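Here is a short briefing on one protein model.

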Amino acid sequence: MPSLRKRAPRRSAAADPRDAAAAERAAVTLLARRDYAGGELAARLHERGYDADIVAQLVAELGDRRLLNDERYAGHFVEYHRQRGHGPERIRRDLEAAGVAAAFIDAALAAAGDWAALARSVRARRFGPAPPENWQEKGRQARFLQYRGFSNDHIRSALGPDVEPDT
């Protein structure tokens, strides 16, 4: 019977933390798989053991060569997560964690479209087209939308008018 022990993570430490060519190869390899924000790529290279000065210089150089573009990254990130039904607050938090500048985040979120309509669509997909019938159900749906990253205004728009109190 095979062992069920978890395999140790594969360590890919840099052979020489001051080797700029090796850091560039590692960065291009990462960028070949998917797009990265500058801060996110820098963090990945730091994890691999490369020197902070080398990484900072490399990230700037990759930006100059247009291989790394935080504005493009923010636009793609917003569109992808919008299609998955995530709201602007959650997307903003994730982009800030990736190190994207606030100006790029604001521009990408503004260009994304009507967030209230998305909140209504997400609510209808999850709970059906009928509005909530009581306060308990309304609270449950509101918590779901809040978890997905929608603001209070978007949630109010998605849940419709206040329900009548139970008599």
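Which helix holds R90? R90 is found in helix α5; helices here are DSSP runs of H or I with at least four residues, numbered from the N terminus. The model is predicted, so local features need pLDDT of at least 70 and side-chain atom pairs count only at pLDDT 80 or more, while totals for chains, interfaces and linings use all residues. Residues are numbered from 1 along each chain as its sequence is written, and side-chain values use heavy atoms, with hydrogens and water left out.

- R90 is buried yet has no salt bridge. Buried means under 20% relative accessible area, exposed means over 50%, and partly exposed lies in between (1.4 Å probe, protein chains only).
- A salt bridge needs a side-chain nitrogen of Lys or Arg within 4 Å of a carboxyl oxygen of Asp or Glu.
- For R90, the nearest side chain of opposite charge is D94, 4.4 Å away. Lys and Arg count as positive, Asp and Glu as negative; His and the chain ends are not counted.
- Leaving aside neighbours within four places in sequence, R90 is in contact with Y147, R148 and G149. Contact means heavy atoms within 4.5 Å.
- The charged end of R90 sits over the ring of Y147, 5.2 Å from the ring centre. This label requires NZ of Lys or CZ of Arg within 6 Å of the ring centre and within 35 degrees of the ring normal.

**Nonpolar cores**

- The largest nonpolar core has 25 residues. Such a core is a set of buried Ala, Val, Leu, Ile, Met, Phe, Trp, Tyr and Cys residues joined through side-chain atoms within 4.5 Å.
- Within this core, V78, L95, V100, W115 and F150 touch the most other members.
- Helices α4 (70-83), α5 (88-97), α6 (102-111), α7 (115-127), α8 (135-148) and α9 (152-159) each supply at least two residues of this core.
- Helix α7 gives the most, with five residues.
- Beyond its neighbours within four places in sequence, V78 is in contact with I91, L95, A108, L109, A112 and W115.
- A second, separate core has 17 residues, including A26, A27, Y36 and I54.

**Aromatic pairs**

- There are two aromatic pairs. Rings of Phe, Tyr and Trp (its six-membered ring) pair if their centres lie within 6.5 Å; planes under 30 degrees apart count as stacked, over 60 as edge-to-face and the rest as tilted.
- Y73 and F77 form a tilted pair, 5.8 Å centre to centre with 35° between the planes.
- Y73 and F77 are four residues apart in helix α4, so about one helical turn separates them.
- Y73 is buried at 6% relative accessible area. F77 also counts as buried, at 15%.
- F127 and F144 form an edge-to-face pair, 5.5 Å centre to centre with 90° between the planes.
- That pair links distant parts of the chain: F127 is in helix α7 and F144 in helix α8, 17 residues apart.
- F144 is buried, with a relative accessible area of 15%.
- The charged end of R126 sits over the ring of F144, 5.2 Å from the ring centre.

**D70**

- D70 is found in helix α4. At 18% relative accessibility, D70 counts as buried.
- D70 and A98 are 28 residues apart in sequence and 9.7 Å apart in space, C-alpha to C-alpha.
- Leaving aside neighbours within four places in sequence, D70 is in contact with A37, G38, G99, V100 and F104.

**Salt bridges**

- Side chains of opposite charge can pair when their charged atoms come close.
- The whole structure holds nine salt bridges.
- R72 bridges to D35, with the closest N and O atoms 3.4 Å apart. This pair links distant parts of the chain: R72 is in helix α4, and D35 is in the loop between α1 (20-33) and α2 (38-47), 37 residues away.
- R72 is partly exposed, at 31% relative accessibility.
- E47 bridges to R44, with the closest N and O atoms 4.0 Å apart. Both lie in helix α2, three residues apart, about one turn of the helix.
- E47 is exposed at 64% relative accessibility, whereas R44 is partly exposed at 29%.
- R156 bridges to D153, with the closest N and O atoms 2.7 Å apart. They are three residues apart in helix α9, so about one helical turn separates them.
- R156 and D153 are both exposed.
- E24, E61 and R65 are linked in a network of salt bridges.
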